Amino acid sequence: MLAFIIRRLLQSVLVMLTVALVSFGLFRYIGDPIQNMVGQEATVADREQLRQSLGLNDPVPIQFARFVANAARGEFGISYRMARPVTDVIMERLPATLELAIISGTGALVFGIALGVYTALRRDGWLSHAIMSLSLIGVSLPTFLIGILLIYLFAVELQVLPAFGRGETVRIGWWTTGLLTESGLKSLIMPAITLGLYQLTLIMRLVRAEMLEVLRTDYIKFARARGLSNRAVHFSHALKNTLLPVITIAGLQIGSIIAFAIITETVFQWPGVGLLFITAVQFVDIPIMAAYLVLIALIFVVINMIVDLLYFAVDPRLRVQRSGRGQ
Amino acid sequence: MNDTVVHRDSLFARALDSDLFHSFIRSPVTVISALLTVIMITAAMLAPVISPQNPFDPATLNLMEGFTPPMQPNEFTGNVYWLGTDAQGRDIFSAILYGSRVSLLVGFAAVGFAALLGITLGLISGYLGGWVDALIMRIADVQLSFPAILIALLIFGVFKGVVPPAMQDQVAIYVLIVAIGLSDWVQYARTVRSSTMAEKNKEYVQAARVIGVPAPLILLRHILPNVMGPVLVIATIGLALAIILESTLSFLGVGVPPTQPSLGTLIRVGQDFLFSGEWWIVFFPGATLLILALSVNLLGDWLRDALNPRLR
């Protein structure tokens, strides 16, 4: 178990170093960092001095080491476009994205499991068929189209929800939250649905498939033979065993929710890190791009670690296997 | 189908009598999606012939005809446009035909590029094994933990930083193809690698090796044909993904230049008019994109089930 964790940790460090190398490469070789920092009227001597003081004349491995050390402390330099420290800008935008991701992720998980179980148990009901057909459309519908459709329905035609922005926010320490005001909550509804719908269909189809598989097994038949109620068989016997793959997918999906937030945030002009990143790509604001990349990689790596460790908690067979092989 | 056709042993007759064709004809949903896909591809290819106007030739546009609703005569000229016109009086139907041309072109090219790269690396990785295999698969692992959209965006960011702005519009479409292709090769590489590892120990490969066929030739002539089945499935579903990814990138404003709009660009532009009630400018390109992606996805689903012997 310990050896497994250590190996997993080493792997994660390797991934982070690779990503750091990519973002260092971006920072160092795309455009001239000096050119982007000083104004037009800086003299050659000024530039050379800045270059020297930033350490851009040092050997590349040393520069990379310095980049990694700075990144580990959360320092990514100054945004070219906004002329403010990258870390400040990202920290300011992060709560908006995290709130959106967590709300839509939780929603997708809860409704996805509920609908998955329902469609598996009532396999031939018309409602199940309707839900399954709809889910197929959900998979093929690009995220931004869902957003546009919702805006047209609820903001333009019915005029009940705001079409863009985050509404009023309340500041708690450095965290700004939109969950405590009415306009904030209203603004959250459509982006959360847009972002979560794809994940919802994915989880639903997965739970349904797993559930159908499990319901066919012998131990379910045996549970029924023992005269257990339908409820007990379905929820405490069958559902429990469908949750392992669901954890894997759900874990991996948290990462992609944060990435897909780029699209949702663009559609709804939601002031999160995704919108920040897409403007950075358009304006070639390299420090923001580099920092965003490292941040996303960190979130991915941490989630993957947690998912792997959850396996041990959920599936006793894994623990036996590993210790049995002396790992 | 009459008997004489079946008994003739032409390739066409054999195709008509195959398991694949039977499972195809028995699934109405698949037949409809195949029809829709073929119609859309043909319409896109024939865009210059069948579209009522060339939407990107300013000479054919009449500003007076801007915002004509679908199926209604324009108040000044009395012209009727099936799907309406946009702000510049551009016929939406023609714009969609030309737009799906760009979307399909990028989609096919990106899938081709991803498949070529993935199959090559997968064959090498599976056949050689050892450190080459380990290296390629580690790269694949790292890439797989990031969503395709992020990788494509990153490649685009690099491109914007490297290529001078004056040239960007001309090469944007190729960069888009490469970006989407690079974000999607891993699937092919993994599948081909595992089938190659299974095939390379079979007798026909051993025999070829014994009589001295060079390794590249073994891979191309002997192993490749035997690992193509799953690749076909991945490529079909990959086409739907590539089309969606392309439209997403264009929607985000980092895809094809506005002078050469794809379906995604049309949607991006049309979104602004939603608030003033001109719904048709965004609705029809959106519906086209959805039908295209859905049909290709359904085809892919069917192909996967039909080629999977376990599900028969």
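User: Take Q159(A): does Q159(A) count as buried or exposed?
Analyst: This is a predicted model, so what follows describes a prediction. Q159(A) counts as exposed, because it has 9 C-beta neighbours inside 10 Å and the limit for exposed is 12 or fewer.

User: Where is Q159(A) in the chain?
Analyst: Q159(A) sits in the loop between α7 and β1 (170–172) of chain A. The phi angle of Q159(A) is near 55°, which is a positive value in a residue other than glycine.

User: What about Q269(A), what is its phi?
Analyst: Phi of Q269(A) is near 50°, again positive in a residue that is not glycine. Q269(A) belongs to the loop between α10 and α11 of chain A.

User: Why is Q269(A) counted as exposed?
Analyst: Because Q269(A) has 12 C-beta neighbours inside 10 Å, and 12 or fewer counts as exposed.

User: OK, zoom out. How many helices and strands does chain A have?
Analyst: Chain A has 13 helices and 2 strands. Along the principal axes, its C-alpha atoms fill a box of roughly 85 × 65 × 35 Å. Of its 327 residues, 34% count as buried.

User: And what are the counts for chain B?
Analyst: Chain B has 15 helices and 0 strands. Its C-alpha trace spans about 80 × 60 × 30 Å along the principal axes. Buried residues make up 44% of the 312 residues in chain B.

User: In chain A, what share of the contacts between residues at least 6 apart join residues at least 24 apart?
Analyst: In chain A, 70% of those contacts join residues at least 24 apart in sequence. For chain B, the corresponding share is 68%.

User: Now confidence. What is the average pLDDT of chain A?
Analyst: Chain A averages a pLDDT of 82, and 93% of the residues score at least 70. Where pLDDT is low, the predicted coordinates should not be read in detail.

User: Next, the two chains together. How many residues of chain A are in contact with chain B?
Analyst: 32 residues of chain A are in contact with 33 residues of chain B. On the chain A side, the helices that each supply at least two residues include α1 (2–29), α10 (230–268) and α12 (286–314). That side of chain A divides into 25 nonpolar residues, 7 polar and no charged.

User: Which helices do the buried residues of α8(B) pack against?
Analyst: They pack against α1, α10, α11 and α12 of chain A, together with α9 (165–182) and α13 (228–252) of chain B. The buried residues of α8(B) include L150(B), L153(B), F156(B) and F159(B).

User: What span should α8(B) have?
Analyst: At 1.5 Å a residue, the 15 residues of α8 (residues 148–162) of chain B should span 21 Å, and the end C-alpha atoms are 21 Å apart, which agrees. The expected span is 1.5 Å times one less than the number of residues.

User: Which residues have the most contacts inside the largest nonpolar core?
Analyst: F277(A), M289(A) and Y292(A), in a core of 154 residues. Helix α6 (residues 92–128) of chain B gives the most to this core, with 19 residues. Leaving out residues up to four places away in sequence, F277(A) touches I262(A), I288(A), M289(A) and Y292(A).

User: Last one, K200(B). Where does K200(B) lie?
Analyst: K200(B) lies in the loop between α10 (185–199) and α11 (203–210) of chain B. K200(B) is partly exposed, with 19 other C-beta atoms within 10 Å, since a buried residue needs 20 or more. Beyond neighbours within four places in sequence, K200(B) is in contact with G126(B), Y127(B), V205(B) and I223(B).

Technical notes. Residues numbered from 1 in each chain as written. Chains lettered and ligands numbered in written order. Predicted model: local features only at pLDDT ≥ 70, side-chain atom pairs only at ≥ 80, totals over all residues. Helix = DSSP H or I, 4+ residues; strand = E, 2+ residues; numbered from the N terminus. Contact = placed C-beta atoms within 7 Å. Nonpolar A, V, L, I, M, F, W, Y, C, P; charged D, E, K, R; others polar. pLDDT = per-residue confidence, 0-100. Core = buried A, V, L, I, M, F, W, Y, C linked by C-beta atoms within 7 Å.
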